[in-house]
Amino acid sequence: MPPDVTVEFSRIRFVRDGQVILDDIDWTIAKGERWVIVGPNGSGKTSLCRIAGLYNHPSSGSVSILGHRLGRTDIRALRTRLGISSQLLADKIQPGLRASEVVMTGKYATLAACWHDYTDADSAKAIALLSRFHCGGLAHAKFGNLSTGERQRVLLARALFNDPELLILDEPTAGLDLAGRERLVSMLSKVARDELATIVLVTHHVDEIPPNFTHILMISDGKIVAQGALHSTLTSNRLSACFGIDLCVKNEANRWTAWGTGSVS
């Protein structure tokens, strides 16, 4: 795996309970690229993220993350070089943990603060990250008492705790109202601009693609429909093929929109 490649999937197939979730996936992410993954519900987006995030192994094919071949490396150590935010992760976090404790668990890529010791410097870093995402005042609030938008920002702070080399964000805007979504999209745009990490972002909606993202992968029924540079790959024809409905796509002021033209295949 070349040193400038962060993620490399080769002929990936993922089967669960007899169902093919991903089939024949070839995907390479170069260092520093910002990828967005779009596709319908059940298309395999989260499964891609869970393999890239070292939580699932493919049924066949090879995966290399940060130069390490999955199945031939200590994933516990490698996972500390990743930052991950997802609803699956959020559901496993103890609701009684305080927001600052949740952020600090990112240091060891664990889900419980009691498993490791943390320093005053770790606490200060957690509060600084929370403040960066406009929730510093929630440092002592219990995670289970936070709103959906607040939880998403806490998870984003957690994902950045270790200054990760690969940042994976699985539907961070899910469940947010319009104002909450736009605030988070703005924050994600700044993360894409300022962070050194390679970034993968999953969404259902092209209007949630933040500025400063560079590439797109479209997936449907476990197969790649298209992939490549964002502005040349995200077209009406390709998005229509991905979602099975006639769509028009437009980019204006560095934001994307898509709308149906009335015909469903």
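**Backbone angles and cysteines in the predicted model**

Asp163 is exposed, with a relative accessible area of 54%. The structure described here is a predicted model, and all values were computed from it. Asp163 is located in the loop that runs between helix H6 (148–159) and strand S7 (166–170). The backbone at this residue is of interest for its phi angle. Phi of Asp163 is near 50 degrees, a positive value, and the residue is not a glycine. Most residues other than glycine have a negative phi.

A positive phi is also found at Arg11, where the angle is about 55 degrees, although Arg11 is not a glycine. Arg11 belongs to strand S1, which covers residues 5–16. With a relative accessibility of 55%, Arg11 counts as exposed, because the term applies to values over 50%. Asp163, at 54%, is exposed by that cut-off.

The cysteines were examined for disulfides. The count comes to 0 disulfides, where a disulfide requires a pair of cysteine sulfur atoms within 2.5 Å. For Cys49, the nearest cysteine sulfur is that of Cys242, at 14 Å, and Cys49 is in no disulfide. The accessibility of two cysteines was also computed, for Cys49 and for Cys135. Cys49 has a relative accessible area of 7% and is therefore buried, since buried residues are those under 20%. Cys135 is likewise buried, with a relative accessibility of 2%.

Note on methods: Residues numbered from 1 in each chain as written. Predicted model: local features only at pLDDT ≥ 70, side-chain atom pairs only at ≥ 80, totals over all residues. Heavy atoms only, no water. Buried < 20%, exposed > 50% of the residue type's maximum accessible area, 1.4 Å probe, protein only. Helix = DSSP H or I, 4+ residues; strand = E, 2+ residues; numbered from the N terminus.
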